[in-house]
Amino acid sequence: MRALVDMNDAQIEALDHLAKRVRQSRAALIRAAIDDYLNRHHREQVEDGFGLWGKRKVDGLAYQEKARSEW
């Protein structure tokens, strides 16, 4: 799929300079940047979930066993 992205002249110049230095196309660099951005934000969502159970007084395993026993 193609996407249209507006960039200013400084961004295009910097991107072209980097593309030449690392011997990759501008499009390849943009795809890599998007992948990096999405991976970082996915990790943030995962990390937001850690520790959510910590303030509860019930042990997580005990809660799970109780919930499953109701099935």
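Are Lys66 and Glu70 buried or exposed? Lys66 is exposed, and Glu70 is exposed as well. The close-up views described below are taken from a predicted model.

**View 1. A salt bridge joins the side chains of Lys66 and Glu70.** The N to O distance between the two side chains is 3.2 Å. Both residues are exposed. The Lys66 and Glu70 pair falls within the 4 Å limit that is set for a salt bridge between a side-chain nitrogen of Lys or Arg and a carboxyl oxygen of Asp or Glu. By this rule, the count of salt bridges comes to three; the other views of charged pairs show Asp16 with Arg26 and Arg40 with Asp36.

**View 2. A salt bridge links Asp16 with Arg26.** The side chains meet at 2.9 Å, taken from N to O. Asp16 belongs to helix 1 (residues 9–22) and Arg26 to helix 2, so the pair ties together parts that lie 10 residues apart in sequence. Asp16 is partly exposed, its relative accessible area being 33%. Arg26 also counts as partly exposed, at 35% relative accessibility.

View 3. Arg40 is partly exposed, with a relative accessible area of 37%. For Asp36 the relative accessible area is 41%, and this residue is likewise partly exposed.

**View 4. Ile34, Tyr37 and Leu38 make a nonpolar surface patch.** The patch has an area of about 310 Å². Tyr37, one of its members, is placed in helix 2, which comprises residues 26–49. The relative accessible area of Tyr37 is 44%, so this residue is partly exposed.

**View 5. Helix 1 is shown with the residues at its start and after its end.** At the start of the helix, a side-chain oxygen of Asn8 reaches to within 3.1 Å of the backbone nitrogen of Ala10. Helix 1 has 14 residues, which at 1.5 Å a residue should span 20 Å. The C-alpha atoms at its ends are 20 Å apart, in agreement with that expectation. Arg23 follows helix 1 and has a positive phi, near 55°.

Technical notes:
Residues are numbered from 1 along each chain as its sequence is written. This is a predicted model: local features need pLDDT of at least 70, side-chain atom pairs count only at pLDDT 80 or more; totals for chains, interfaces and linings use all residues. Side-chain values use heavy atoms; hydrogens and water are left out. Patches are made of residues with over 30% relative accessible area and no salt bridge: like charges are joined within 9 Å, nonpolar side chains (Val, Leu, Ile, Met, Phe, Trp, Tyr) within 5 Å. Accessible areas come from the Shrake-Rupley method with a 1.4 Å probe; for residues, only the protein chains shown count as cover. Helices (H or I, at least four residues) and strands (E, at least two) are DSSP runs, numbered from the N terminus. Buried means under 20% relative accessible area, exposed over 50%, partly exposed in between (1.4 Å probe, protein chains only). The expected span of a helix is 1.5 Å times one less than its number of residues. A polar contact is a pair of N or O atoms within 3.5 Å; within protein, one must be able to donate a hydrogen and the other to accept it, and residues adjacent in sequence count only if both atoms are side-chain atoms.
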